[in-house]
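Please open the model in a viewer and keep the selection tool at hand. The stops below follow one another, and each begins with something to select.

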Amino acid sequence: MATAEHPTADTVQDHHAIEELEEIVARQRAAFLADPFPSLEERQGLLGALAGMMMSHRSEIQTALSSDFGVHPDVAADLIEVLGPAGRATYAAEQLGSWTASEPRAVDPALYGSGRAFVQPQPKGVVGNIVPWNFPFDLSVGPLIEMLAAGNRVVIKPSEYTPACAELLREMIRETFARDRVDVAVGGLELARAFTRVRWDHLLYTGSPAVGREIAKAAAEQLVPVTLELGGKCPAILTEDSIDAESIRQVLATKAIKNGQMCISVDYCLVPRERLEQFAELAAAHATDSMPGYCASSSCTGIVSMHHLERIERLLADAHARGCDVRPLEDAPAPDPTSRQLPISLVIDPPADLALMQEEIFGPILPVVAYDSLEQAIDLVNSGERPLALYVFAKDETVSAEVLRRTTSGGASVNSAAVHGALASLPFGGSGQSGSGRHHGIEGFREFSNLRGVFVRGEGDLIEAFAPPYGPTAQAVVDAAFAAAG
Ligand code: NAD
């Protein structure tokens, strides 16, 4: 049922959406069985169509994002939601010949004669993709690229928090692809739950760890393989030699992209204790010199809903109530309910039990936590859940290499933040509570492929040795193996 807190479609609408989902899945399953292995050329054609779809709907995408977020920068829509997936599709199309090629594997000729072995990536079948609200196109169409590259049929379920983007996505997809190849199911929470009960050949879920747990349970019921792209608290460790304007610009940039509503935003910074004040001064100078009037500008994305805005305001109110040093980087009036723009605030050295140090912030608040030694900073990161991304700023490469060696995260950037997530060639995903599995690049292609191991018999083998009743051939094979092992 729809509430002010959760904009679920009403039950009747969801009922229709669930019936439609069943039809969509049945249609795609029948199509998969009839044509289970699209050619390289067909897949490249689909990827080209996808890139063209994004480029030709550029202005509608900008409008839909502005409608759902209150304010959304057109340039950010172009960079991240249009050019990002379009470039990723072009990259996949270029690489596809080598990704789809069967890969020969070693065979012992003494036992298998002239037999051959290879790995043949095969489409998994009908794949589901549950999408969050923060990047409604990049996180729906992005993974669709590797899903199509792998030869699958795909059903996308957008978030109920971005209804304009969801409607547009459905229109774009239905205009571009046959419905038995790609389709979109739009609805509320009831539809979302029904989506997880489908016996997908693979299910991708991107969203919060809490819901991710529910998805994993539902998938386990049917032994559906899942990729979980989750969130968490991504740290940035700034080392002694890197408390400078450029590092701080990089960190603040991730708080300003989507106003912090990004899974790989810097969630909190770790800074040498004696450099905390310098960090805060450089951040304030950056805000004044390079981001004047940011909060009221068209560069500042609105917080997606009043519900999310209130959550972020509660985190700040809690920090104030606990007597923390909260420093907004600009003076801004209380947010307007239609634009929901919030300024970036630093919270200097907050206590570890403060709510904003316990939960993912997903908004424009940056805790700056003091450390006394790099050892302590690494321990602090390792005492929390494994992050989706980790950032280290160090001029000395041995220091950044040491931090990378001693921590675990889904991805990482050195002397920059979030850039690894923009590269089509790098795998993207989490570790532990921030997720499992990968999309982007060849790892995404493999994630959505069935990597079938194939043996083709040749001549002159001794495979009869394995078949009972065991006779002299089996004994000869065993004797030869022990003799060879010494
Ligand atoms: P969410 O978990 O609330 O919702 C994501 C999707 O799950 C939506 O489509 C929603 O309809 C669906 N959903 C919600 N409840 C469901 C249920 N019980 N059963 C089935 N489906 C359900 O997440 P959100 O608020 O949209 O996204 C924010 C979170 O996503 C943050 O934690 C962020 O870090 C994470 N995130 C991760 C990545 C990544 O690539 N790892 C990318 C973006 C966001």
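Two terms are needed at the outset: on a 1 Å grid over the protein atoms alone, a cavity is a set of points where a 1.4 Å probe fits but cannot get out, whereas a pocket is an open set with protein on both sides within 12 Å along at least five of seven lines, and lining residues have an atom within 4 Å of a point. Grid points are joined across faces, edges and corners, and a volume is the space filled by probe spheres set on the points. The model is predicted, so local features need pLDDT of at least 70 and side-chain atom pairs count only at pLDDT 80 or more, while totals for chains, interfaces and linings use all residues. Residues are numbered from 1 along each chain as its sequence is written, and side-chain values use heavy atoms, with hydrogens and water left out.

**The largest pocket**

Select Tyr205, Thr206, Gly207, Ser208 and Val211, which lie nearest the centre of the largest pocket among its 37 lining residues. About 1,100 Å³ of space lies in this pocket. Next, select α8 (189–197), β6 (202–206), α9 (209–221) and α12 (306–321), each of which supplies at least two lining residues; helices (H or I, at least four residues) and strands (E, at least two) are DSSP runs numbered from the N terminus. The lining has 18 nonpolar, 10 polar and 9 charged residues, where Ala, Val, Leu, Ile, Met, Phe, Trp, Tyr, Cys and Pro count as nonpolar, Asp, Glu, Lys and Arg as charged, and the others, Gly among them, as polar.

**The two domains**

Colour domain 1 (11–230 + 439–449) and domain 2 (235–428) separately; these bounds come from an automatic or database domain assignment. Each domain gives at least three residues to the lining of the largest pocket. The domain centres, taken over C-alpha atoms, are separated by 30 Å. Contact (heavy atoms within 4.5 Å) links 23 residues of domain 1 with 29 residues of domain 2.

How much area do domain 1 and domain 2 bury between them? The figure is about 1,900 Å², 62% of it on carbon and sulfur atoms. Select Val71, Trp133 and His440 in domain 1, which lose the most area to domain 2, together 28% of what that side buries. Buried area is the accessible area (1.4 Å probe) that two parts lose on being put together, summed over both.

**Salt bridges**

A salt bridge places a side-chain nitrogen of Lys or Arg within 4 Å of a carboxyl oxygen of Asp or Glu. The count comes to 32. Select glutamate 20 and arginine 179, a pair whose closest N and O atoms are 3.5 Å apart. Glutamate 20 lies in helix α1 (residues 11–34) and arginine 179 in the loop between α7 (163–176) and β5 (182–184), so the pair ties together parts 159 residues apart in sequence. Across the interface of domain 1 and domain 2, 1 salt bridge is found.

**The largest cavity and phenylalanine 362**

Of the 3 cavities of 30 Å³ or more, the largest holds about 40 Å³ of space. Select its lining, which includes Gly232, Lys255, Cys263, Asp267 and Phe362. Phenylalanine 362 is in the loop between α13 (355–358) and β12 (365–371), and its phi is near 55°, a positive value in a residue other than glycine.
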